[in-house]
Amino acid sequence: MEVRVINRDEDSLTLELSEVNLSLANALRRHAINEVPVMAVEEVLVMDNSSVVSNEVLVHRISLIPFVTDLDNYRLPEECDCNNRLGCERCVVRFSLKASAVDEVVTVYSRDMVLESGTGIVRPVSGDFPIVKLAPGQTIELELYVRLGKGSKHAKWQSGIVTVYDSESGGKRLYIESFGFLSPERIITEAAKALERRVRDLGSAIEEVIKDG
Ligand SMILES: [Zn+2]
């Protein structure tokens with residue numbers, strides 16, 4: 001089995017895999033999309049919202065913003081031992097978002113989120129996502145809970161776009177385009193680890209059945 005880097009640019013990586021069949025390349029692709037945990041806003045407390053946008057629309061819009069993900073210092077909420085619905089410092093990063101318009105219309109952007117607790121690594125992928133426009137006299141005040149999640153649970157936690165295609169030399173090419181949560185290299189190595197874990201779990205389950213039988 002041989003892996004070669006064919007192309008690397010800012011957000012994407014193309015790898016050539018020799019002696020890898022389509023089903024294995026596809027399994028890797030599916031794990032990259034569905035099983036690599038990345039960070040997004042999972043819960044929003046709305047303290048104040050006098051904008052014309054409803055709470056539901058505001059929350060939905062915020063939840064689609066990708067966050068630079070700190071995989072080394074955070075755990076999935078379901079794998080954290082805090083058993084706290086609001087989470088702990090190992091499974092949640094908190095931001096606040098407060099804005100008011102006084103004399104003129106104000107556009108609130110992702111860059112206006114203020115880190116309340118968590119590592120400085122975690123932040124919106126871009127500060128330029130518009131969230132809401134406020135007319136004079138309008139205010140929003142929100143608390144945002146950013147958590148790790150997987151694409152298999154909700155598309156907002158999908159790490160990127162991953163495709164498999166045949167290369168001219170008969171091998172498989174894997175194209176990984178990151179949405180900015182993680183580097184494409186990290187996405188594909190985490191996908192391989194997730195696939196490995198799954199195969200190992202399956203192996204253990206088979207062993208159990210054989211032992212019991
Ligand atoms: Zn926790």
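This is a predicted model: local features need pLDDT of at least 70, side-chain atom pairs count only at pLDDT 80 or more; totals for chains, interfaces and linings use all residues.
**Entry 1: the first hairpin**

A hairpin of three residues leads from E1 into E2. I checked the pairing of the two strands. E1 covers residues 2-8 and E2 covers residues 12-18. They run antiparallel, with six bridges between them. For a landmark I picked Val5, which sits opposite Leu15 in E2.

**Entry 2: the other side of E2**

E12, residues 172-178, is joined to E2 by six bridges. This pair is antiparallel too.

**Entry 3: E11 and E12**

I moved on to E12 and its pairing with E11. Seven bridges link E11 and E12 in the antiparallel sense. Asp166 faces Lys172 of E12. I then looked at the turn. Five residues lie between the strands in this hairpin. One of them, Gly170, has a positive phi near 95°.

**Entry 4**

I put the pairs together. In what order do the four strands of the open sheet lie? I read E1-E2-E12-E11, paired antiparallel. E1 and E11 (160-166) are the edge strands. Each has a single partner strand, so one side of each has no neighbour in the sheet. As a reminder to myself, sheet strands pair through backbone hydrogen bonds, in parallel or antiparallel fashion. I noted an average twist of 20° from strand to strand here.

**Entry 4: helices on the sheet**

**Entry 5: a closer look at H1**

I checked the length of H1. H1 has 13 residues, and at 1.5 Å a residue they should span 18 Å. The end C-alpha atoms are 18 Å apart, so the span agrees. Which residues of H1 are buried? I listed Ala25, Leu28, Arg29, His31, Ala32 and Ile33. Arg29 and His31 are on that list along with Leu28 and Ile33. I then traced what the buried residues of H1 pack against: E2, E11, E12 and H3.

I looked for residues other than glycine with positive phi. Glu19 has phi near 55°. Glu19 sits in the loop between E2 and H1.

I found Asn83 in the loop that runs between E4 (67-68) and E5 (93-100). Asn83 has 8 other C-beta atoms within 10 Å, so Asn83 is exposed as well.

**Entry 6: two domains**

I stepped back to the domain layout. Domain 1 is made of two segments, 2-35 and 159-212. Domain 2 takes 38-154. How far apart are the C-alpha centres of the two domains? I noted 30 Å. Then I looked at the contact between them. Eight residues of domain 1 are in contact with 11 residues of domain 2. On the domain 1 side I sorted the residues by class: four nonpolar, three polar and one charged.

**Entry 7: overall figures**

The secondary structure amounts to three helices and 12 strands. The C-alpha trace spans about 65 × 50 × 25 Å along the principal axes. Of the 213 residues, 28% are buried. I also checked how far contacts reach along the sequence. Taking contacts between residues at least 6 apart, I noted that 68% join residues at least 24 apart.

Technical notes
Residues are numbered from 1 along each chain as its sequence is written. Domain bounds come from an automatic or database domain assignment. Two residues are in contact if their C-beta atoms, placed from the backbone, lie within 7 Å. Ala, Val, Leu, Ile, Met, Phe, Trp, Tyr, Cys and Pro count as nonpolar, Asp, Glu, Lys and Arg as charged, and the others, Gly among them, as polar. Two strands pair if DSSP finds at least two bridges between them. Axes are lines fitted to C-alpha atoms, for helices over the stretch in contact, and angles run from 0 to 180 degrees between N-to-C directions. A residue is buried if 20 or more other C-beta atoms lie within 10 Å of its own, exposed if 12 or fewer, and partly exposed in between; C-beta atoms are placed from the backbone. The expected span of a helix is 1.5 Å times one less than its number of residues.
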